[in-house]
Amino acid sequence: MTIETLTTFFGWLAVINIGYLMVATLGIVGMQSWVVGIHKRLFGLDEQELKRAYFNWLASYKTFTLIFTVAPYIALKLI
């Protein structure tokens, strides 16, 4: 596997992950009452706990995306 292949792979992986993060964020923010209603019935949590869980999930996903897809892509572009 060449550096060009790895760079392309991590580039597309970053695009896909960032796109998914944007769709998930817009879905949670834009349809918050609907999403909270479904998860309240499924898991029996109150609204504040769910909002905290959504924030933690989005923050963790963003961090992992930056560390495991964007950083390797930038490092490979610098080589």
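Q: Why is Glu47 called partly exposed in this structure?
A: In this predicted model, Glu47 has a relative accessible area of 35%, and since buried means under 20% and exposed means over 50%, the value for Glu47 falls in between, so the residue is called partly exposed.

Q: What makes Lys51 partly exposed?
A: The relative accessible area of Lys51 is 31%, which is not under the 20% that buried requires and not over the 50% that exposed requires, and therefore Lys51 is also described as partly exposed.

Q: Why is the meeting of the side chains of Lys51 and Glu47 called a salt bridge?
A: The distance from N to O is 3.3 Å, and because the rule asks for a side-chain nitrogen of Lys or Arg within 4 Å of a carboxyl oxygen of Asp or Glu, this pair qualifies as a salt bridge. By this rule, the count comes to one.

Q: Where do Lys51 and Glu47 lie?
A: Both belong to helix α3, which covers residues 47-78, and they are four residues apart, about one turn of the helix. The protein chain has three helices and zero strands, so that its elements run α-α-α from the N terminus on.

How values were computed:
Residues numbered from 1 in each chain as written. Predicted model: local features only at pLDDT ≥ 70, side-chain atom pairs only at ≥ 80, totals over all residues. Heavy atoms only, no water. Helix = DSSP H or I, 4+ residues; strand = E, 2+ residues; numbered from the N terminus. Buried < 20%, exposed > 50% of the residue type's maximum accessible area, 1.4 Å probe, protein only.
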